[in-house]
Amino acid sequence: MSLDNSCEPDELRQHWDAKYHAAPFERLSWYQSHPQESLRLVEATGIARDAPVIDAGGGASILAETLLNLGYTDVTVVDCSQAALDEARERLGASASPVSWVQGDIRSFRSAKKFRLWHDRAVFHFMTSEDDRRRYLASLDACLAADGAAIIGTFALDGPERCSGLAVQRYNAELISGVFAPRFELVSACDAQHLTPGGSTQAFAWFTFRRSG
Ligand SMILES: C[S@@+](CC[C@H](N)C(=O)[O-])C[C@H]1O[C@@H](n2cnc3c(N)ncnc32)[C@H](O)[C@@H]1O
C-alpha cells in the first residue's frame, strides 16, 4: 500500500491496523519491552502522579501500563489504530480500566482535559507535510496545560528514512526547535538507540518542550 501520513483518517487507520495484525506486537520494529528513555524523561519533568498524561499515538505500547504500575493515575492513550488499542487493552485485562483509550487521529484530537504531559514516541516523525505538522502542533497546543511538557521521540538524522512503509522526517535539536517555535521551546535533547526485535539498531532523538515564555 502506498500512502503517506497526509491521507484521510480511515485510510490511516486501515494502514496501521494492518501493521498491527501482520505480526505479534513483540515482533514489530518499534516494540520495546521496557520504555526506558520515556520513563526517564517523564520522571525528569517532575509531574505529580495524579497529573493527566497523554501518550499520543501510543498504540499497543507498554508505556501506559508501566505508568500505572508506577502510580500514575490519569493516563490517556490516543491512536488511529483500534487494533493497537485492543492489543494493549487485552494485555492489561482488568487493569486496563483506569486508562482512557481513544481511537482517533492525533492531527485533529481535542480534549476538554488539559494534559500536564504529552508523550509521543515515533509518531510526530510521520508528519512529513507542513500541513500535518501544523495540525499536529495545533492539537498539542489545544490539549497541553499552560505549564505542561511535551516529550517527543523521533528518528534521529542518522535513523531510518522510512518505517512501516511510510516516509519519516528525521530530526536533531535545531531542526525540531524550528518546527515547534514559536509556541514551544526546547528544554532538553538527547540521543538513544532502539534495538528492534529483528536485531537492528535505530537512532532516536528525544526532545522535551515547554511552552515558550
Ligand atoms: C511506530 S508506532 C509507535 C507506537 C508507540 N508510540 C510505541 O512507541 O510503541 C506509530 C504509532 O502511531 C500511530 N499513528 C500514526 N499516525 C497517527 C495519527 N495521525 N494519529 C494517531 N495515531 C497515529 C500508529 O497507529 C502507531 O501506533
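The shell around the ligand divides by class into 10 nonpolar, 6 polar and 4 charged residues. In total, 20 residues surround the ligand. Trp16, Gly57, Gly59, Ser61 and Ile106 are the closest. The model is a predicted one.

Helix H1 covers residues 9–22. Its 14 residues, at 1.5 Å a residue, should span 20 Å. The C-alpha atoms at its ends are 20 Å apart, so expectation and model agree. Trp16 is one of the buried residues of H1, along with Leu12, Arg13, Lys19 and Tyr20. An α-helix has 3.6 residues a turn, so residues three or four places apart point the same way. Helix H4 (82–92) is included in what covers the buried residues of H1. The face turned away from that buried side carries the exposed residues Asp10, His21 and Ala22.

Ser38, Leu41 and Val42 are buried in H2. Seen down the axis, these buried residues fall within an arc of 105 degrees, so they line one face of the helix. Gln36 and Glu43 are exposed on the other side of H2. What do the buried residues of H2 pack against? Their partners are helix H3 (63–69), strands S4 and S5, and strand S9 (201–211). After H2 comes Gly46, with a positive phi near 75 degrees.

Strand S4 runs over residues 115–121. Of its 7 residues, 7 are buried, so S4 is largely enclosed by the rest of the structure. Which strands pair with S4? Strand S1 (residues 53–56) pairs with S4 in the parallel sense, over 3 bridges. Within this pairing, Ile54 has Trp118 of S4 as its bridge partner. Strand S5 (residues 144–155) also pairs with S4 in the parallel sense, over 6 bridges. Phe115 is bridged to Leu144 of S5, and Asp120 to Ile152 of S5. In S5, 9 of the 12 residues are buried, so S5 too is largely enclosed by the rest of the structure.

How values were computed: Residues numbered from 1 in each chain as written. Predicted model: local features only at pLDDT ≥ 70, side-chain atom pairs only at ≥ 80, totals over all residues. Near = placed C-beta within 6 Å. Nonpolar A, V, L, I, M, F, W, Y, C, P; charged D, E, K, R; others polar. Helix = DSSP H or I, 4+ residues; strand = E, 2+ residues; numbered from the N terminus. Expected span 1.5 Å × (residues − 1). Buried ≥ 20, exposed ≤ 12 C-beta atoms within 10 Å, placed from the backbone. Contact = placed C-beta atoms within 7 Å. Pairing = 2+ DSSP bridges. Arc of directions from axis to C-beta.
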